[in-house]
Amino acid sequence: EGSGHPIWVSQIPVPWSPEMLKGKRVIVTGASTGIGEEMAYHLARMGSHILITARTESKLQKVVERCRELGAASAQYISGTMEDMAFAEHVVKEAQTSLGGLDMLILNHVGTSYFGYFDGDVGHVRKLLEINFLSYVAMTVSALPMLKESEGSIVVVSSMAGKVGFPFTVPYSATKFALDGFFSSLRQEFHIQNINVSITLCILGFIDTDRALRAAADVLLVPPAPRAECALEILKGGALRRRELYYRYGSTRLPLLLRDCAAELLDRLVRSRYRLDRIGTGQRRHPPAPPDRR
Ligand SMILES: NC(=O)C1=CN([C@@H]2O[C@H](COP(=O)(O)OP(=O)(O)OC[C@H]3O[C@@H](n4cnc5c(N)ncnc54)[C@H](OP(=O)(O)O)[C@@H]3O)[C@@H](O)[C@H]2O)C=CC1
Ligand SMILES: CC(C)CCC[C@@H](C)[C@H]1CC[C@H]2[C@@H]3C(=O)C=C4C[C@@H](O)CC[C@]4(C)[C@H]3CC[C@]12C
C-alpha cells in the first residue's frame, strides 16, 4: 500500500511504495552533495544496493558511511571525473563486477559553470557538454546490457533550463536541452524495439542546494524548493517508470503549458523573476556584462 496516486505502468496502475527500490542495485552520479546526496540517503532507507560517484573522495566516504547507518543493503563509492569518458564507463563496469548487474542508473552530476551573461568561451561550452551530456551518453551505452537484463530504469536529472531559455545559464542550458533530444529519441526506439528499459527525464525548478543558493539566491525572485523532497520525487518518478517528472509541479508544468501557447509571455514572465541589477556580483569569473537590453 503506497500513499501516492495510482499511475499507469505498462497498462497497470501502480501506486508508489518504497518497497519498489528495496534490494535494487542503483548507481547515483554526483552524489557527494546536493540532490544526489539526498537520493543516496533515501535509497539507503529503502534498503537498496548503492554505488555512488563524484570527484571528491572525502565527501563520498562520508555519504557512504551514512548510507550504511541508514540501512543500505550495501553502499560503495568510486571517485573520478566525468570529463573522462573512460571513467564514466568504469563506474558502470564496477556495478557489473561488484553488484552483478544494475536496476537503476541515476544520471545527476553537473560540472561547474557560471551564473551570468554568456562570456563567449567556446571551450567551456565544449567541456560542459562533455561532463553534463556526453558522459550521460557513455554511461547509458555501457549500462544498457545490464538494464535490458533487469528491465531496469534510466533516470536523467534535467532542469526547467533544459526546456525553456532562461538568462544567465547559456552553456548549462545547452547541455540540458541536449539530454532531452537524446533521451526522448532513445525512448522512442526502445518502444519500437520492445526494450523494456524506462527513461525518466526530470524537470526541476530552483532547488535549495548549497551551490544553487550561492550562485542564484541573490538574483532570483523565486523561492527554492527543498532538496530532500526533490530527491524523493525523482526516485518515485524513476520507480514508477514515468517518462517525465516535474518538480515542483506548479512552478514547472504550468509555465511549460504557457510556453506552448504564449512563448513571448513566458519569456517576459521569466525575466521579471530576476533582479538584473544584481547580476555580475558573486559567482561570475569573467569580465563585464553587456548592458541590460530589455
Ligand atoms: N539546484 C538547482 O537549483 C537545480 C538543479 N538541477 C539539477 O539537479 C542535479 C543536481 O544538482 P545539485 O544537487 O544542485 O548540484 P551540486 O552542485 O550540489 O552537485 C553536483 C554533483 O556533481 C559532482 N560533480 C561536479 N563536477 C563533476 C565532474 N567533473 N565529474 C564528476 N562529478 C562531478 C559534484 O561532486 P564533486 O564536486 O565532488 O565532483 C556533486 O556531487 C543536476 O543535474 C542539476 O542540473 C536542476 C534544476 C535546478
Ligand atoms: C519563473 C518560473 C517560471 C520558473 C523559474 C525557475 C528558474 C528560476 C530555475 C529553473 C532552472 C534553475 C537553474 C538550474 O537548473 C541549475 C542551476 C545550477 C546551479 O548551480 C545554480 C542555479 C541554477 C542556475 C538554477 C537557477 C534557477 C533556475 C534558472
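**Close-up 1. Strand β8 and its bridge to S159 in the predicted model.** The bridge partner of S159 in β8 is L204. Strands β7 and β8 run parallel and are joined over seven bridges. Together with helix α5 (residues 170-192), β7 and β8 form a right-handed β-α-β unit.

**Close-up 2. Helix α7 and its surroundings.** The end C-alpha atoms of α7 (residues 227-239) lie 18 Å apart, in agreement with the 18 Å that its 13 residues should span at 1.5 Å a residue. Ten of the 13 residues are buried, among them R227, C230, L232, L235 and K236. The buried residues of α7 pack against α1 (34-45) and against the strands β6 (104-107), β7 (153-159), β8 (198-204) and β9 (244-247). Just after the helix, R241 adopts a positive phi of about 60°.

**Close-up 3. The shell around ligand 2.** Of the 18 residues around ligand 2, the nearest are S159, M160, A212, A215 and P255. Two or more residues of the shell come from each of α6 (210-216) and α8 (249-261); α6 gives the most, with four residues. By class, the shell holds twelve nonpolar, four polar and two charged residues.

Notes:
Residues numbered from 1 in each chain as written. Chains lettered and ligands numbered in written order. Predicted model: local features only at pLDDT ≥ 70, side-chain atom pairs only at ≥ 80, totals over all residues. Near = placed C-beta within 6 Å. Nonpolar A, V, L, I, M, F, W, Y, C, P; charged D, E, K, R; others polar. Expected span 1.5 Å × (residues − 1). Buried ≥ 20, exposed ≤ 12 C-beta atoms within 10 Å, placed from the backbone. Contact = placed C-beta atoms within 7 Å. Pairing = 2+ DSSP bridges. Right-handed = clockwise from strand over helix to strand, strands pointing away.
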